[in-house]
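Subject: Structure handover

Hello,

Here is the structure for you to work with. My notes follow below it.

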Amino acid sequence: MMFRKYLSAHIRLARYDKPIGALLLHIPCVWGTILGQPSFNLQEIIWYSSVFGVGSFTMRAAGCVVNDMWDKNIDNKVERTRLRPLASGELGMKDAWISLFGHCSIGLLVLTQLNWNTIAASFGIVPIAFLYPLAKRYFSYPQLILGIAFNWGIVVGGLQLAGMLTPTILFGYAAGIVNTLIYDTVYGHQDKEYDKSLGLYSTAYTLPKNTPLYLTWVFSGLIGLTCYVASYHPAVYPLIALNQLDMYLKLKTTNLDDPESCGKFFRDYKWFQITIALIFGAGSYMKQ
């Protein structure tokens, strides 16, 4: 019984019970894989999506552990996070270090499936990813730092397939950063009052309230530009427009002062990202 409780605490520490964050980290890797291909190859997409899937879930777990290690004395003051294993005392810092070591070890094994340029690029983002929790203390727009780290999979996936950074990959990366600013700003509205009282920064209150709505247009514009630079089939543009309309309307009906409404938008956001992956895939396939 004690082992089951201990295992359950580790699952919650790594957020395996809430996989949405790992999916939001993984899907940009799929974008990068498609954008980096010289020509459409479904077998390659499936293989590298699987490799990056393992990497995304384990490294997102490692990131959650690091976040909770930094924030355990803050999380216990916030209603939504006070029962997290470190904040509640269910697990100690030694347990967290063991979890972090285990997840990073799996992440290193994933790297053995990649080329040297991609491995180097993967290590390049590690300091930003692990220092992200500090951004909330010292930087007015911490979600921007998260976007830089969370979408690095576009660069890594693209570099693995293209062998070099191309304009297509870079525009896709820019779109990914805006993408994260949208969903994580909405996510941040759940805790904005706690963040203010604790002296933490969040774009939920450092940016105008309607910023996520406006950013949907920037995001869709960058996705369109990415497809244009990649010379994808023109049929993708109506699909981008439909995805934009759906995103805009869903966000329009989200109550940013209601944590439950914000949480639902965040959990559903993966479908917008999956749609973009399918659009990239269709554009690449029809390009042939």
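This is a predicted model: local features need pLDDT of at least 70, side-chain atom pairs count only at pLDDT 80 or more; totals for chains, interfaces and linings use all residues.

In these notes, buried means under 20% relative accessible area, exposed means over 50%, and partly exposed is in between (1.4 Å probe, protein chains only).

Residues are numbered from 1 along each chain as its sequence is written, and side-chain values use heavy atoms, with hydrogens and water left out.

Confidence: pLDDT is the predictor's confidence in each residue, from 0 to 100. The protein averages 91, and 99% of the residues score at least 70. Helix 7 (residues 126–138) has the lowest confidence, with a mean of 81. Helix 10 has the highest, at 95. Helices here are DSSP runs (H or I, at least four residues), numbered from the N terminus.

Helix 10 covers residues 167–188. Its 22 residues should span 32 Å at 1.5 Å a residue, and the end C-alpha atoms are 31 Å apart, so the two agree. The expected span is 1.5 Å times one less than the number of residues. Of the 22 residues, 17 are buried, so most of the helix is covered.

Thr203 belongs to helix 12 (residues 203–206). Thr203 is buried, at 1% relative accessibility. Its side chain makes a polar contact of 2.7 Å with the side chain of Thr185. A polar contact is a pair of N or O atoms within 3.5 Å; within protein, one must be able to donate a hydrogen and the other to accept it, and residues adjacent in sequence count only if both atoms are side-chain atoms. Leaving out residues up to four places away in sequence, Thr203 touches Ser140, Tyr141, Pro142, Gln143, Leu181 and Thr185. Contact means heavy atoms within 4.5 Å.

Ser261 sits in helix 15 (residues 259–268). At 18% relative accessibility, Ser261 is also buried. Its side chain reaches the backbone nitrogen of Asn255 at 2.9 Å.

Two loop residues deserve a look. Arg15 is not a glycine, yet has a positive phi of about 60 degrees. Arg15 lies between helix 1 (2–13) and helix 2 (20–36), and is buried at 9%. Ser231 also has a positive phi of about 60 degrees without being a glycine. Ser231 lies between helix 13 (211–229) and helix 14 (236–252), and is partly exposed at 47%.

Best regards
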